[in-house]
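Open your viewer and get ready to click along. We will go from stop to stop, with something to select at each one.

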Amino acid sequence: MKKQIYICLFFLFAQFVSAEGPIAWETLPSIPDEKGFAGPFAGVIDGNLIVAGGANFPESPPWEGGKKVWYDKVFLLASDSDKWTLPDFKLPKALGYGVSLSLPWRNSIVMLGGSDSENLPDAQAIELFYEEGNFRTEKLPDLPLPLAEFSGVTFGSSLYIFSGRTRTGTVKKAYRLNLRESQMKWREISWPEEARGRMHSVAGVRDGTIYLFGGRDYIAKATDFHPEDRFTEEGLDFLRDCWKLNPKTQEWSRIADLPRGFSAAPSTAIPVGNSHLVMLGGVDAEFVQSQIVARPEVNGQGNDHPGFPPALWGYHVTTDSWIEVGSFPRELSVPVTVPVVPTGANSFVIPSGEIKPGIRTSQVLAGKVQANRASFGIINWSVVICYLGFMVLIGYWFMKAESAVSTEAYFRGGQQIPWWAAGLSIFATMLSAITFMAIPAKAYSDNINPWIGNWVIILIVPIVVTFYLPFFRRLNVTSAYEFLEERFNLASRLVASALFMLFHVGRVAIVLYLPALALSSATDINIYLAILAIGVLCILYTVMGGIEAVVWTDAIQAVVLLCGALACFIIIIFRLDGGIFTLVEIAQSDSKGLTADWFSLDVSSSTTSGLIIFIGFFFATLPSYTAGQDVVQRYVTTPSEKEAARSLWLNIPMVFFGSMLFFFLGVALYAFYKTNPELLDPALERNDGILPFFILQNMPVGVAGLIVAGIFAAAQSTISSSLNSVATAFVTDFYSRCLRQDTSDSHRLLVARKVVVILGTVGILLAATIAVTGIKSAFDAFNTFIGMALGPVGGMFFLGVFIKRATGSAALIGALVGFLTVLLVHYLRNLGVYDLWPILNGTISFLTTVIVGMAIGSAAAPAPSKW
């Protein structure tokens with residue numbers, strides 16, 4: 001909270017300038033030195049902005065013979081002040097053009113290397129502290145060699161530095177210093193073999209990867225170069241090659257080149273949105289050459305110089321492409337050879353810098369990343385309102401048609417639902433709005449390997465039809481958990497039902513929140529309005545129409561979802577130059593297809609093992625089809641067991657080809673923005689907002705509204721299923737079984753409707769609370785915790801169906817051990833003891849429940865023959 005207040009104070013004392021692109025610019029109070037500084041050290045300590053060292057020409061400019069002077073002065077802009085002060089404290093040496101990095105977790109700034117008054121690189125490394133109004137420094141291990149004009153970043157507890165100028169030229173080396181080591185030491189790490197040494201490069205960090213952009217090198221070292229990037233008069237090549245470093249493996253990979261060679265941009269690069277790193281300006285050889293040709297009398301220097309290029313360049317880490325994303329405002333001087341000081345998650349400061357050759361500035365720029373959301377528009381909103389209103393009318397129609405006047409009709413639809421409608425409803429229930437956006441986003445940002453997880457439906461459906469469905473139909477259950485009481489005991493039924501209901505309380509909230517968050521990140525749709533619209537209308541038609549309204553709206557929504565995805569895919573194909581052939585070519589060249597290592601046993605969170613993916617999704621999905629009331633309830637809405645089986649068989653092509661469509665849509669989105677990078681919004685905040693962003697950007701007005709309505713529909717289909725199934729479980733398993741056994745059917749129906757309203761309202765309030773407080777990570781942890789219960793419940797059903805000697809006590813003990821085991825696994829994983837793919841939690845809990853239940857039940861007598 002204290003840090004947030006300091007950031008607010010920074011911008012309170014700032015003067016707004018303008019926004020051109022994804023960054024809004026303001027000016028802070030100028031440094032009290034009219035000349036300003038190039039190459040200063042700068043950072044933030046506990047909200048206080050500090051600028052030190054650097055160099056300028058105090059007496060006269062260089063073209064008049066002025067001498068360059070280096071400084072040891074320190075300037076302070078306190079967090080609660082709008083004026084700079086000049087403390088008595090001095091740096092140990094007068095240096096500039098080194099690397100400075102803020103360390104919030106140590107409340108310090110590290111200042112590394114730099115050049116001295118003779119322009120010779122230095123190896124000094126210090127850590128600056130500011131405590132209770134006093135400065136002090138602590139010495140760090142000297143750099144392995146004197147360096148200036150290099151770049152660096154922090155990653156975890158380590159400092160990384162790259163190349164730079166030594167006393168004999170540039171060096172092809174990189175180093176790392178771990179500040180948590182008791183005996184700190186700079187350790188050399190690999191340098192890309194094909195890369196040249198460089199000065200004035202730009203480094204940045206994004207999503208666990210370190211990036212290195214451009215820079216310049218001496219011509220004498222050139223082995224490859226672009227003629228247009230060569231500045232012969234100064235003997236320099238401006239470099240356009242860029243690289244990324246995996247800090248875990250210490251391996252480099254070359255990425256897309258800059259459009260041309262750039263050098264001396266403020267460093268570090270700024271993360272913008274969900275997938276961009278933005279380089280703030282920089283100088284290229286063509287610009288420098290043009291100034292020499294235009295003004296040979298001042299050799300490109302002097303007050304008549306136009307200043308450096310204002311363009312901001314964005315690298316998109318997903319599509320590996322560069323675009324110009326904006327520019328510095330015209331009224332600002334464009335600085336180079338200056339550090340970028342992060343002041344918050346989306347804000348930074350550029351203090352001073354060089355604005356023309358030989359000329360510095362005292363200006364201090366403050367930048368803040370801003371979202372640029374697409375307008376949804378009245379017509380699109382009208383389409384959404386009409387669609388959602390139609391869903392409510394369906395619920396009203398079933399209420400007026402007296403199809404929900406009894407619990408039998410409300411919970412099981414009078415067992416008159418056609419098999420194909422029940423099948424579509426199962427598909428829509430399992431496919432939430434999160435999935436509708438997350439699957440294309442996953443393929444867009446990675447590949448289609450997770451599609452392997454959907455293949456499990458080919459195995460699951462025959463198992464359910466052959467072994468589980470006959471029990472549910474023979475017992476004529478309303479709640480799936482009635483089976484557990486018949487097979488084991490009442491306690492098993494109540495425990496499983498309670499865990500199911502608890503899981504769906506969290507699920508309703510998260511299925512409301514995440515789609516609303518994704519839509520609000522890509523459009524101007526208000527997140528609270530989206531939560532309210534989805535939730536309230538869903539409550540209305542579920543309360544009125546019961547399971548029939550849920551099933552029929554699910555069926556409609558499944559069709560809308562598939563047609564919307566297909567429409568997006570077709571439009572992309574037609575807009576790609578080369579159509580489907582370009583899509584296939586890009587998918588192959590960029591490894592966007594199936595790249596699984598099929599029989600690997602890698603169980604880490606980054607696994608590409610086809611076998612592990614299949615196993616993980618099998619045990620994550622099986623409990624939903626065998627122990628989840630929201631799906632099992634559909635099995636008893638059809639007239640016969642045969643019809644129920646047909647609804648399940650329908651799910652094989654629906655899930656297999658439907659998921660294939662969504663994954664291929666993600667690859668198509670990748671190909672589209674790979675070939676049209678200028679259409680990407682750098683400030684797009686979430687990858688799962690890429691589909692709604694594309695829809696609003698490229699679909700006709702009205703059609704876009706219909707597809708976004710489909711996203712709302714996907715959320716509603718999942719939520720309505722949860723509402724009705726929880727009401728069914730509560731009334732059947734608890735209220736009429738344990739609490740009030742003598743109540744009338746109409747009373748139980750009233751209780752069910754109240755449960756729908758209460759659960760829906762709680763879900764809306766929880767989703768809104770998450771949106772207000774930003775406790776998404778805590779809620780995700782809670783949802784993961786509750787989700788672990790479905791594995792044990794699925795294991796209990798497996799024991800009841802397949803293990804004759806299993807008893808109620810064995811099943812309950814097995815479920816408890818399974819639940820505790822996976823909690824322990826989850827806890828150890830969060831401690832970093834090992835890296836385990838979270839989907840495997842379900843596998844662990846399911847198998848542990850079954851194994852423990854079998855072991856305990858092995859001494860019991862076999863169950864009666866009917867089981």
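**Before you start**

This is a predicted model, in which local features need pLDDT of at least 70, side-chain atom pairs count only at pLDDT 80 or more, and totals for chains, interfaces and linings use all residues. Residues are numbered from 1 along each chain as its sequence is written, and side-chain values use heavy atoms, with hydrogens and water left out.

**Stop 1: a sheet of four strands**

Select β9, β10, β11 and β12, which form an open sheet in that order with antiparallel pairing. Helices (H or I, at least four residues) and strands (E, at least two) are DSSP runs, numbered from the N terminus. Two strands count as paired if DSSP finds at least two bridges between them.

Colour β9 (99-103) and β12 (134-139): these stand at the edges with a single partner strand each, so one side of each has no neighbour in the sheet. From one strand to the next, the twist averages 25 degrees; the axes behind such angles are lines fitted to C-alpha atoms, for helices over the stretch in contact, and angles run from 0 to 180 degrees between N-to-C directions.

Now zoom in on β9 and β10, an antiparallel pair with five bridges. Click Leu-101 and look across to β10, where its bridge partner is Val-110.

**Stop 2: another four strands**

Next, select β13, β14, β17 and β18. They make an open antiparallel sheet in the order β13-β14-β17-β18. Which strands stand at the edges? They are β13 (151-155) and β18 (187-189), each with a single partner strand, so one side of each is left without a neighbour in the sheet. The twist here averages 25 degrees from one strand to the next.

Inside this sheet, β14 (residues 158-162) and β17 (residues 174-178) run antiparallel and are joined by five bridges. Pick Phe-162 and you will find Ala-174 of β17 opposite.

**Stop 3**

Most residues other than glycine have a negative phi, and most peptide bonds are trans. Let's visit some exceptions.

- Asp-46 has a positive phi of about 50 degrees without being a glycine. Look for Asp-46 in the loop between β3 (41-45) and β4 (48-52). Its relative accessibility is 32%, so Asp-46 counts as partly exposed (buried means under 20% relative accessible area, exposed over 50%, partly exposed in between, with a 1.4 Å probe and protein chains only).
- Asn-119, also not a glycine, has a positive phi of about 65 degrees. Asn-119 is in the loop between β10 (108-112) and β11 (125-131), and is partly exposed at 33% relative accessible area.
- The peptide bond from Ser-267 to Thr-268 is cis, with omega near 25 degrees. Thr-268 is in the loop between β23 (251-255) and β24 (270-272).

**Stop 4: the nonpolar cores**

A nonpolar core is a set of buried Ala, Val, Leu, Ile, Met, Phe, Trp, Tyr and Cys residues joined through side-chain atoms within 4.5 Å. How many residues does the largest nonpolar core have? It has 147, and those with the most contacts inside it are Tyr-625, Tyr-635 and Phe-797.

Select Tyr-635 and show its surroundings. Setting aside residues up to four places away in sequence, Tyr-635 touches Ile-426, Val-464, Leu-469, Phe-472, Arg-473, Tyr-625, Ala-644 and Leu-648, where contact means heavy atoms within 4.5 Å. Then move to a second, separate core of 29 residues, which includes Trp-25, Val-338, Leu-365 and Val-369.

**Stop 5: aromatic rings**

Rings of Phe, Tyr and Trp (its six-membered ring) pair if their centres lie within 6.5 Å; planes under 30 degrees apart count as stacked, over 60 as edge-to-face and the rest as tilted. By this rule there are 40 aromatic pairs. One of them is the tilted pair of Phe-619 and Phe-846, 5.1 Å centre to centre with 50 degrees between the planes. Phe-619 lies in helix α12 (residues 610-627) and Phe-846 in helix α21 (residues 840-857), so the pair ties together parts 227 residues apart in sequence. Both Phe-619 and Phe-846 are buried.

**Stop 6: cysteines**

With a disulfide taken as a pair of cysteine sulfur atoms within 2.5 Å, the count is zero. Click Cys-538: the nearest cysteine sulfur, that of Cys-386, is 19 Å away. Cys-538 is buried at 0% relative accessible area, whereas Cys-738 is partly exposed at 34%.
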